[in-house]
Amino acid sequence: MTAKILQQFDGQLLLKIINTLKDPIWIIDNQGNVLWVNQAAYDFFSVLQVDELVGQNVIEMEKRGLFTPSIARLVIEQKQFVSTTQVTQNNVHLLVSSDYIPNEKGDIQYIVTHARQLSQVINQSSELEKIESILQLYKQQIRQLILQQKNQQYEDFYVGKSKVSLHLIEWSQKVADIDTTILLTGETGVGKTAFAYSIHQLSSRNHKPFIHLDCGAIPESLIESELFGYKKGAFTGANSNGKLGLIAAADQGTLFLDEIGEFPLHLQSKLLQFLQNKTYRMIGDNQVQQADVRIIAATNVNIMERVKEGTFRKDLFYRLNILPMEIPPLRKRKEDIIPLLNFYLKKFNQKYGRQHTLSKNIMDALYNYSWDGNIRELENLMERLVITSAGPKIDIDDLPSDFPLHQSQQMLIQNVEEVSLPIYLEQIEKNILIKAYNDTNSTWKTAKKLGVSQSYIIRRLKKFNLKIREKELVEE
């Protein structure tokens with residue numbers, strides 16, 4: 001089909017077609033003599049006061065300083081395709097490409113040269129980069145919308161509206177397609193698993209497996225076979241067919257290593273090798289296996305303390321800690337508490353066929369509660385309240401008897417009867433100071449929140465013997 005179409009074009013028509021191009025095109029013989037140029041070449045070189053291009057020799061033009069280097073000369077010398085930057089007499093920079101048409105013996109017969117101003121190339125490249133960046137953003141936003149619309153166990157990650165949660169979501173979007181290791185830190189129950197899963201869903205691996213391994217929940221004797229797998233007959237009691245490990249199961253996807261601080265010391269070198277080379281050996285096998293797996297690790301302990309204790313390899317820590325992110329506890333992102341309460345109320349109402357609502361009293365009480373168990377504790381409480389509450393409106397009296405907030409209220413009533421009023425008020429003030437400081441991590445912000453001066457706060461801290469340790473206020 002192509003041959004038939006080309007037969008309809010004679011040489012003059014082809015030259016007319018080339019003449020419509022807006023970039024300079026040159027046709028040159030094997031001695032550097034110009035045989036033909038298009039109109040764009042004439043228009044461009046008229047600035048250099050070159051009236052006639054056809055018949056001139058580009059090597060001689062180079063010697064006269066009209067441009068440097070002569071790309072046709074480079075093709076003649078190197079006998080290969082050449083692309084380089086060329087500078088004209090009036091200091092215009094061109095991106096020039098040139099290749100040759102061989103004769104029957106394979107020698108150079110004709111040379112075809114194409115030029116474009118470098119500034120145009122850069123501008124177009126910059127525009128392409130902008131478009132690519134916008135497309136990447138759209139891809140992530142589409143993935144996020146799909147993730148939010150799915151009815152899945154990790155959708156609570158997008159409920160939070162605090163600055164911290166919005167920052168976490170923005171950060172997850174930035175790192176999702178950066179295919180390297182992430183280390184998530186934070187207290188138990190802050191949502192590390194949900195955060196890891198959201199990163200996986202926002203990444204280009206989202207159509208592949210997300211495998212979760214809790215390193216602290218598996219016996220040390222089993223974790224190697226669970227992670228790396230084993231060959232047939234590798235050890236007594238093994239499956240007769242062998243077993244693929246979780247690394248193999250997560251190929252092309254994401255492997256989430258939860259509680260990585262509990263990973264056995266004697267296996268850490270094997271994990272380090274996989275992180276560095278993406279290679280590993282199954283138990284009982286000498287053959288090296290390979291897997292393309294993105295690792296996200298998480299811990300609620302201070303890994304550097306484990307390094308100092310000698311129970312965690314320093315080189316493994318640095319390999320895991322390429323993209324670190326700390327997820328703050330719920331008491332430090334209080335703006336998320338009410339949205340989470342409403343989210344889980346709706347979720348469990350639907351699950352158990354109830355129509356409960358929350359009273360203002362319990363909303364205020366739970367907003368001011370410390371939530372030592374974080375989101376996991378909040379979710380657990382809301383499920384219990386939906387199941388056990390008798391009336392349509394859930395109030396403070398519906399709190400389980402073993403819930404700390406319920407117990408603390410009972411203690412307050414007892415304390416009023418057992419101590420003097422000044423001591424009782426001092427205890428309340430102390431508790432307010434501790435809570436306000438731990439929410440703000442600043443004496444100035446604490447003072448502003450409580451409507452007093454900073455010097456007043458400092459004096460009260462001294463009076464109550466309160467000290468700042470690891471960004472939190474504690475009683476000595």
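The accessible surface of the protein chain comes to about 26,600 Å², and carbon and sulfur atoms hold 51% of that area; the areas come from the Shrake-Rupley method with a 1.4 Å probe, and for residues only the protein chains shown count as cover. This is a predicted model, in which local features need pLDDT of at least 70 and side-chain atom pairs count only at pLDDT 80 or more, while totals for chains, interfaces and linings use all residues. Residues are numbered from 1 along each chain as its sequence is written, and side-chain values use heavy atoms, with hydrogens and water left out.

Of the 476 residues in the protein chain, 42% are buried; buried means under 20% relative accessible area, exposed means over 50%, and partly exposed lies in between, with a 1.4 Å probe and protein chains only. The secondary structure comprises 20 helices and 19 strands, taken as DSSP runs numbered from the N terminus, with helices (H or I) of at least four residues and strands (E) of at least two. Among contacts in the protein chain with a separation of 6 or more, 61% join residues 24 or more positions apart, where contact means heavy atoms within 4.5 Å.

Some backbone details follow. Thr68 and Pro69 are joined by a cis peptide bond with omega about -5°. Pro69 is found in the loop between strand E3 (67–68) and helix H5 (71–78). The loop between H5 and strand E4 (82–88) holds Lys79. Phi of Lys79 is near 50°, a positive value in a residue other than glycine. Lys79 counts as partly exposed because its relative accessible area is 38%.

Ala248 belongs to helix H10 (residues 246–249). With a relative accessible area of 24%, Ala248 is partly exposed. Its C-alpha atom is separated by 8.8 Å from that of Gln289, 41 residues apart along the chain.

Asn374 also has a positive phi, about 60°, although it is not a glycine. Asn374 lies in helix H16 (residues 374–388). Its relative accessibility is 0%, so Asn374 counts as buried.

Ser389 sits in the loop between H16 and strand E17 (393–394). At 6% relative accessibility, Ser389 is therefore classed as buried. The side chain of Ser389 reaches the backbone oxygen of Leu385 at 2.7 Å. Leaving aside residues up to four places away in sequence, Ser389 touches His356, Ile394 and Asp398.

Conventions:
Polar contact = N/O pair within 3.5 Å; in protein donor to acceptor, adjacent residues only side chain to side chain.
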